[in-house]
Each structure stands twice: as C-alpha cells, then as structure tokens.
Amino acid sequence: MVSVEELEAVLPSMTPWRVPGGRGVDWVALEAGLGTALPSDFRSLAEAYPVLVVDGFLTVSVPRPGAEALWASEAGNDEVLQDLFEMGDTGDYAPFPRPGGLIAWASSGSGDAFYWRTSPAADPDAWPVVVRGDNGDWSEFPVGAVAFLAGVYGRTVEVGGMPGDFPGHDPRVLGLSDDVR
C-alpha cells in the first residue's frame, strides 16, 4: 500500500497543508453512519490533510472533524450516481450501499467522479478506484485512493477521458481549512 509520504514525494506542494498531530476525525462515528469501514490509506490521508484541491481541478473530499455524519451522509447518498444508475448509465456499477456499490472520495471541476468499488467480502484496503469521466467513460484501477493519486501525479497511472493538461506539470495544491465560521 502506498503511504501518504509517497504521495507527498510526487506532490510536494501538498505538504504545507499537513496538519501536525492529525485532524482528529471520529472514524467510529463516520463508519457507523456510513455502514462500512473505509480504506486505511484514505484514513491516513484524511488524518494528515484537510480537503485538498489540486490545480483547481481535482478535489479530494475528506471528512471534517465534527462533521463526520455529513460526510457519511453525502458519501452514502450520491444523487448523481443514483440518477445515472436508474437511467442505466453506470455499466456494471451501482451506488452504495448496494453490494459492490460505489462511494465517492474525489471529484473534478469538469464533472468527473472518483470512487471506491466496495465489497462486503473484501477488506476495504482491497477496494479498487473507479473513475467516471464527465464524458460517460468508466475506468477501474486496482489500487487505493492514495496509490491512485500518487500514480496520476507521478505519471505512472493514466486516466482516459481527462483534459489534455491533466495532470499539470507542476501541480499546485490548496488545502481547505477545517475551520468553518
């Protein structure tokens, strides 16, 4: 499994946003609300970083401490995915909580969505990443979220259907504060 530090090595502009000592997400509450555990690489990323926006394009959605129930609710009630599923536009994919259902963890400014394909029989660390391009293409990658991001920004994973300038040559990262006033 790829570590957060390996992601930082290929995306060093994210490191100023690292939260010393961790963010204190209540994983017990979040996972109880969602109805499933989440992959450990994502948990490590979410403990180290707030929501990250890479090159103003890719937003990695992590739960905010104190708002775990909101994150779980949004992840478990993906209306766009549900609509696509009802129209028959998801191929073999279904929304969570259906068996093998998708849970979103990132999105793009162009309408692309990044999911895990869950499995009640598999450890969440074995869940693959699924990408729904805004053009309707679906792609699956046999890696977790952190390995996927490290691969994309390290240029070892190519995602079809993305804009020609994705990923950028020197991606900049913006961290969105947990502090909402």
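This is a predicted model: local features need pLDDT of at least 70, side-chain atom pairs count only at pLDDT 80 or more; totals for chains, interfaces and linings use all residues.
Residues are numbered from 1 along each chain as its sequence is written, and side-chain values use heavy atoms, with hydrogens and water left out.

Lining residues have an atom within 4 Å of a point. Grid points are joined across faces, edges and corners, and a volume is the space filled by probe spheres set on the points. One cavity of 30 Å³ or more was found in the whole structure. The largest cavity holds about 40 Å³ of space, and its lining consists of L7, L11, M14, L45, L52, V54, V60, L149 and V173. This lining has nine nonpolar residues (Ala, Val, Leu, Ile, Met, Phe, Trp, Tyr, Cys and Pro), no charged residues (Asp, Glu, Lys and Arg) and no polar residues (the others, Gly among them).

The largest pocket has a volume of about 470 Å³. It is lined by 23 residues, of which S61, V62, W71, E74 and A75 are the closest to its centre. At least two lining residues come from each of α4 (68-76), β3 (102-108) and β4 (113-117); helices (H or I, at least four residues) and strands (E, at least two) are DSSP runs, numbered from the N terminus. The pocket lining has 14 nonpolar, three polar and six charged residues.

Residues are classed as buried under 20% relative accessible area, exposed over 50%, and partly exposed in between (1.4 Å probe, protein chains only). Nine of the nine residues of helix α6 (residues 145-153) are buried, so this helix is largely enclosed by the rest of the structure. L149 is one of these buried residues and also lines the largest cavity. R155, which follows α6, has a positive phi near 65 degrees. P163 lies in the loop between α6 and β7 (173-176) and is partly exposed, at 30%. The C-alpha atoms of P163 and S110 are 8.7 Å apart, although 53 residues separate the two along the chain.

Five salt bridges (a side-chain nitrogen of Lys or Arg within 4 Å of a carboxyl oxygen of Asp or Glu) were found in the whole structure. R18 forms one with E5, with 3.4 Å between the closest N and O atoms. R18 lies in the loop between α1 and α2 and E5 in helix α1, so the pair ties together parts that are 13 residues apart in sequence. E5, E8 and R18 are linked in a network of salt bridges. R117 and E140 meet in another salt bridge, at 2.5 Å from N to O. This pair links strand β4, which holds R117, to strand β6 (residues 138-141), which holds E140, 23 residues apart. R117 is partly exposed, at 29%, and E140 is partly exposed, at 34%. A salt bridge of 2.8 Å, N to O, joins the side chains of R172 and D170. R172 is partly exposed, at 47%, whereas D170 is exposed, at 54%.

Conventions: On a 1 Å grid over the protein atoms alone, a cavity is a set of points where a 1.4 Å probe fits but cannot get out, and a pocket is an open set with protein on both sides within 12 Å along at least five of seven lines; lining residues have an atom within 4 Å of a point.
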